[in-house]
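Here are a few notes to read alongside the structure. Have it open and turn to each spot as you go.

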Amino acid sequence: MGSLKLDLYSRIHPEPIDHFDVLPDSILLLIFNKIGDVKALGRCCVVSRRFHSLVPQVENVVVRVDCVISDDDSSSSGISAASSVSAADKSRHPISSLCRLFFSSLFKPFQSLTQLIAPSSRRPIVSNSEDFYDIDQNSVTHHSPTQVLKNFDEIKLLRIELPRGELEIDEGILLKWKADFGSTLDNCVILGASSVFQTTNTDECSSVCNVDSNGAESDNGSIPESFYTNGGLKMRVVWTISSLIAASARHYLLQPIIAEHKTLESLVLTDADGQGVLTMNEVQLEELRVKPLSASTASKRTLVPALSMRLWYAAHLELPNGTVLKGATLVAIRPSEQPKKEVLESEANWVASAFEEPFGTAARMLVKRRTYCLEMNSF
């Protein structure tokens with residue numbers, strides 16, 4: 001009689017079914033790859049032993065860096081040090097801020113949930129303040145991206161996002177760059193403007209921008225004499241050198257990750273501001289693994305070879321969506337050793353695809369204008 005009551009109860013109140021147990025591993029991995037974010041994957045690890053065993057097999061990983069802390073600040077109180085560094089950087093000149101961010105080995109620790117990804121028995125021992133540090137009061141551990149990614153075995157697509165761009169620029173100024181690297185710089189495109197504004201009045205814009213009824217500029221693509229005397233050229237030189245330094249510093253700091261993860265096919269290092277993007281494809285990643293890296297350990301960045309640069313300028317550039325770039329400048333950079341014919345044939349597509357809209361349109365418009373060629377020594 002008792003067994004009959006138990007059977008009746010089990011039919012009325014069946015045990016809950018975990019539908020994830022029904023799903024095959026391949027489907028779960030597909031879901032985890034869609035998630036991508038390393039913190040979210042860390043939380044998934046504590047759900048079940050099955051999840052914990054599957055997360056290290058994820059191929060598409062996104063690491064969002066929360067804070068950037070220098071070696072000097074790592075020994076002080078964690079969270080307060082991070083906030084003070086951020087505030088101090090914003091008050092500095094762009095170049096001094098850049099030096100603090102990269103030349104002092106920043107981009108080391110960052111807040112993450114690695115302790116959830118790795119079992120407690122595998123939790124690394126704190127032996128070097130450069131790698132990470134613990135804050136007992138807040139139960140927060142800071143880890144470098146290299147340590148976080150050690151828990152993944154089969155990464156193919158990796159995206160790392162910094163909390164902000166390295167270059168502190170004045171409000172209203174546009175500065176974007178995109179660089180491709182192998183063992184050294186393959187190419188870099190920089191788009192800048194002294195100011196950006198939006199207009200919906202075509203007549204007003206035509207008057208301000210000095211364009212004719214067909215939308216063509218009256219300067220015919222030539223750089224005005226005032227460009228060389230009013231600081232315009234100097235500003236573009238600072239933009240170019242600063243962007244190249246930022247890109248080469250990012251590349252230098254990626255070496256341990258690239259060396260450890262042989263399965264990598266694509267790597268993107270960007271920032272939340274959308275200021276700079278460093279990309280490496282499968283061929284470029286393999287090139288870095290097999291070819292010695294030319295690097296400056298003192299400044300902690302990859303050395304940049306002698307460069308050939310092509311510059312396009314427009315005093316005012318009106319885009320189809322009504323955005324107007326004042327002092328628009330586009331710089332396309334490649335190593336001088338690359339064959340000029342190869343550079344010219346691929347230039348239009350390469351430069352035009354460097355930026356998302358509406359700035360991709362700006363690049364396509366600028367590259368049709370008069371071209372100025374420049375050279376730069378290695379540094």
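1. Asp 37 and Arg 64 form a salt bridge, with the closest N and O atoms 3.0 Å apart. Bear in mind, here and below, that this is a predicted model.

2. Where do Asp 37 and Arg 64 lie? Asp 37 is in the loop between α3 (25–35) and α4 (38–45), while Arg 64 belongs to strand β1 (residues 60–64), so the pair ties together parts that are 27 residues apart in sequence.

3. Are the two partners buried or exposed? Asp 37 has a relative accessible area of 15% and counts as buried because the cut-off is under 20%. Arg 64, at 40%, is partly exposed.

4. A word on the record for this stretch. An unreviewed UniProt entry lists residues 21–55 as "domain: F-box". In the model, the chain over residues 21–55 is 77% helix and 0% strand.

5. As a general point, side chains of opposite charge can pair when their charged atoms come close.

6. Another of these pairs is Glu 168 with Arg 164, whose side chains meet at 3.9 Å, N to O. Here Glu 168 is buried, with a relative accessible area of 18%. Arg 164 is buried too, with a value of 15%.

7. Lys 178 and Asp 180 also make a salt bridge, this time at 3.2 Å from N to O. Asp 180 is buried, its relative accessible area being 14%.

8. Salt bridges can also be found joined up in this model: Glu 166, Arg 250 and Asp 271 are linked in a network of them.

9. Now for the largest pocket, which has a volume of about 330 Å³. Two elements give two or more residues to its lining, namely β6 (174–181) and β9 (266–271).

10. Which residues lie nearest the centre of the largest pocket? They are Thr 270, Gly 274, Val 277, Ala 354 and Glu 356, out of 16 residues that line it.

11. What kinds of residue make up that lining? The residues lining the largest pocket divide into six nonpolar, four polar and six charged.

Notes
Residues are numbered from 1 along each chain as its sequence is written. This is a predicted model: local features need pLDDT of at least 70, side-chain atom pairs count only at pLDDT 80 or more; totals for chains, interfaces and linings use all residues. Side-chain values use heavy atoms; hydrogens and water are left out. On a 1 Å grid over the protein atoms alone, a cavity is a set of points where a 1.4 Å probe fits but cannot get out, and a pocket is an open set with protein on both sides within 12 Å along at least five of seven lines; lining residues have an atom within 4 Å of a point. Grid points are joined across faces, edges and corners, and a volume is the space filled by probe spheres set on the points. Helices (H or I, at least four residues) and strands (E, at least two) are DSSP runs, numbered from the N terminus. Ala, Val, Leu, Ile, Met, Phe, Trp, Tyr, Cys and Pro count as nonpolar, Asp, Glu, Lys and Arg as charged, and the others, Gly among them, as polar. A salt bridge is a side-chain nitrogen of Lys or Arg within 4 Å of a carboxyl oxygen of Asp or Glu. Buried means under 20% relative accessible area, exposed over 50%, partly exposed in between (1.4 Å probe, protein chains only). UniProt positions are given in the numbering used here, feature names are shortened, and annotations may be inferred rather than shown by experiment.
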